[in-house]
Amino acid sequence: MSYFFKKTNLLMLLILSMISLLTVNLAIAEVAVIVHPSNTSDFDQSIIKKMFLGKQKSFSNGRTAIMLSVSNTDPVMTEFNQKVMDKSNSQIKAYWSKIIFTGKGTPPQEMPSASEVISSVSTNPDSIGYIDAAAATDAVRVVATF
């Protein structure tokens, strides 16, 4: 009997180790909201949330904001929606479906990768986007992390 319990305990330890390794790899430490370095507008979570819901369409400097998002297959989108928007991906999708249907707004433009978001934001002073904070470069200004 003790041989059976030793094998079972070893198997359980192995399974728990694998689960903990997988969850560590899937977790994203921080999401960074980025703008062009010349953008000196003020930002807080409330303003960022309003912008990405289409409720605030311009920066505090008066310029119209162009919102950029990572692809919906990127886990950063889930993190952003949970941490900043306080909503799930499906809730955000349903929200934008309604807004588009009524003609009241345009959702953030999805980019294929963080590097594309960085490239677009670094070349357009009117852009705002979000990426994994670890991917941020000197080409953009990080205005908030979540």
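This is a predicted model: local features need pLDDT of at least 70, side-chain atom pairs count only at pLDDT 80 or more; totals for chains, interfaces and linings use all residues.
Biologist: Let's begin with the layout. How many helices and strands does the protein chain have, and in what order do they run?

Modeller: The protein chain has five helices and five strands. Starting at the N terminus, the order is α-β-α-β-α-α-β-α-β-β. Buried residues account for 34% of its 146 residues.

Biologist: Why is His36 called buried?

Modeller: Its relative accessibility is 16%, and buried means under 20%. His36 therefore counts as buried. You will find His36 in the loop between strand 1 (31–35) and helix 2 (45–52).

Biologist: Which residues does His36 touch, leaving aside those up to four places away in sequence?

Modeller: Val121, Ser122, Thr123, Asn124, Pro125, Ser127 and Arg141.

Biologist: What makes the pairing of His36 and Ser38 a polar contact?

Modeller: Their side chains are joined at 2.8 Å, and the cut-off for such a pair of N or O atoms is 3.5 Å. The side chain of His36 also has a polar atom 3.2 Å from the backbone oxygen of Ser122.

Biologist: On to charged pairs. How many salt bridges does the structure hold?

Modeller: There are three salt bridges. As a general point, side chains of opposite charge can pair when their charged atoms come close.

Biologist: How do you know that Lys49 and Asp86 form a salt bridge?

Modeller: The closest N and O atoms of Lys49 and Asp86 are 3.6 Å apart. A salt bridge needs the side-chain nitrogen within 4 Å of the carboxyl oxygen, so Lys49 and Asp86 qualify. This pair links distant parts of the chain, with Lys49 in helix 2 and Asp86 in the loop between helix 3 and helix 4, 37 residues apart.

Biologist: Why is Asp86 called exposed, and why is Lys49 called partly exposed?

Modeller: Asp86 has a relative accessible area of 52%, and exposed means over 50%. Lys49 is at 23%, which falls between the 20% and 50% cut-offs. Lys49 is therefore partly exposed.

Biologist: What makes Asp126 and Arg63 a salt bridge?

Modeller: Here the closest N and O atoms are 2.6 Å apart, and the limit is 4 Å. Asp126 and Arg63 therefore meet the definition. Asp126 is in the loop between helix 5 (114–123) and strand 4 (127–132), while Arg63 is in the loop between helix 2 and strand 2 (66–70), 63 residues apart.

Biologist: Now the largest pocket. What is its volume, and which residues are closest to its centre?

Modeller: The largest pocket holds about 380 Å³ of space. Of its 18 lining residues, Met77, Ile92, Lys93, Trp96 and Glu110 are the closest to the centre. Helix 4 (89–101) gives the most to the lining, with seven residues. By class, the lining has 10 nonpolar, six polar and two charged residues.

Biologist: What makes Met77 a contact of Glu110?

Modeller: Contact means heavy atoms within 4.5 Å, and Glu110 touches Met77 along with Ser69, Val70, Ser71 and Asn72. The side chain of Glu110 also reaches the backbone nitrogen of Asn72 at 3.1 Å. Glu110 and Ser71 are 39 residues apart in sequence, yet 5.3 Å apart in space, C-alpha to C-alpha.

Key. Residues are numbered from 1 along each chain as its sequence is written. Side-chain values use heavy atoms; hydrogens and water are left out. On a 1 Å grid over the protein atoms alone, a cavity is a set of points where a 1.4 Å probe fits but cannot get out, and a pocket is an open set with protein on both sides within 12 Å along at least five of seven lines; lining residues have an atom within 4 Å of a point. Grid points are joined across faces, edges and corners, and a volume is the space filled by probe spheres set on the points. Helices (H or I, at least four residues) and strands (E, at least two) are DSSP runs, numbered from the N terminus. Ala, Val, Leu, Ile, Met, Phe, Trp, Tyr, Cys and Pro count as nonpolar, Asp, Glu, Lys and Arg as charged, and the others, Gly among them, as polar. Buried means under 20% relative accessible area, exposed over 50%, partly exposed in between (1.4 Å probe, protein chains only). A polar contact is a pair of N or O atoms within 3.5 Å; within protein, one must be able to donate a hydrogen and the other to accept it, and residues adjacent in sequence count only if both atoms are side-chain atoms.
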